[in-house]
Amino acid sequence: MTEGFRVKEYGIPVKRYCQTMDLKDNPELIKEYRKRHSEKYAWKEILDGIRKVGILEMEIYILGTRLVMIVETPLDFDWDSAMARLATLPKQQEWEEYMAIFQDCAASATSDEKWQMMDRMFYLYE
């Protein structure tokens with residue numbers, strides 16, 4: 001992990017969103033959550049839908065039960081309209097229900113209620 005993770009280059013200016021969510025404190029559930037997000041088990045329809053609404057990259061990092069999701073988009077991306085559209089795409093609601101058992105939040109919570117937007121408090125100022 002100390003070697004870092006390569007960042008994609010898009011050839012256009014991008015903006016970044018960071019969100020957080022907690023998982024239930026259960027090692028077996030966390031292991032299964034990680035498995036369901038692996039390249040082999042992630043649903044193609046979900047990956048396609050994420051791209052379809054204009055998201056260039058989405059990464060989820062984990063430490064213990066804490067998740068941090070980083071989303072990169074073009075500068076003209078509108079979060080609210082994209083998330084509303086994403087929620088209507090095929091398989092999206094099924095995926096949300098498929099993941100709900102792992103997440104430390106109300107089972108009926110929407111994706112926007114589960115994933116809390118983080119506030120950037122520091123960067124290398126110019």
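In this predicted model, strand β2 (residues 57-63) runs antiparallel to β3, and 7 bridges join the two. Within this pairing, Ile62 stands opposite Leu67 of β3. The two strands form a hairpin with 2 residues between them, and Gly64 in the turn has a positive phi of about 65°.

Strand β3, which spans residues 66-74, also pairs with strand β1 (residues 14-22); the sense is again antiparallel, over 9 bridges. Here Lys15 stands opposite Thr73 of β3. Strand β3 is mostly covered, with 7 of its 9 residues buried.

Glu72 and Arg16 meet in a salt bridge with an N to O distance of 2.8 Å. Because Glu72 belongs to strand β3 and Arg16 to strand β1, this pair ties together parts that are 56 residues apart in sequence. Glu72 is buried at 7% relative accessibility, whereas Arg16 is exposed at 53%.

A salt bridge also links Arg66 with Asp22, whose closest N and O atoms are 2.6 Å apart. Arg66 lies in strand β3 and Asp22 in strand β1, so parts separated by 44 residues in sequence are tied together. Arg66 is partly exposed at 40% relative accessibility, and Asp22 is partly exposed at 26%.

The structure holds 7 salt bridges, including one between Asp48 and Lys44 at 2.7 Å, N to O. Both residues lie in helix α2 (residues 44-52), 4 residues apart, or about one turn of the helix. Asp48 is partly exposed, with a relative accessible area of 35%, while Lys44 counts as exposed at 54%.

Key:
Residues are numbered from 1 along each chain as its sequence is written. This is a predicted model: local features need pLDDT of at least 70, side-chain atom pairs count only at pLDDT 80 or more; totals for chains, interfaces and linings use all residues. Side-chain values use heavy atoms; hydrogens and water are left out. Buried means under 20% relative accessible area, exposed over 50%, partly exposed in between (1.4 Å probe, protein chains only). Two strands pair if DSSP finds at least two bridges between them. A salt bridge is a side-chain nitrogen of Lys or Arg within 4 Å of a carboxyl oxygen of Asp or Glu.
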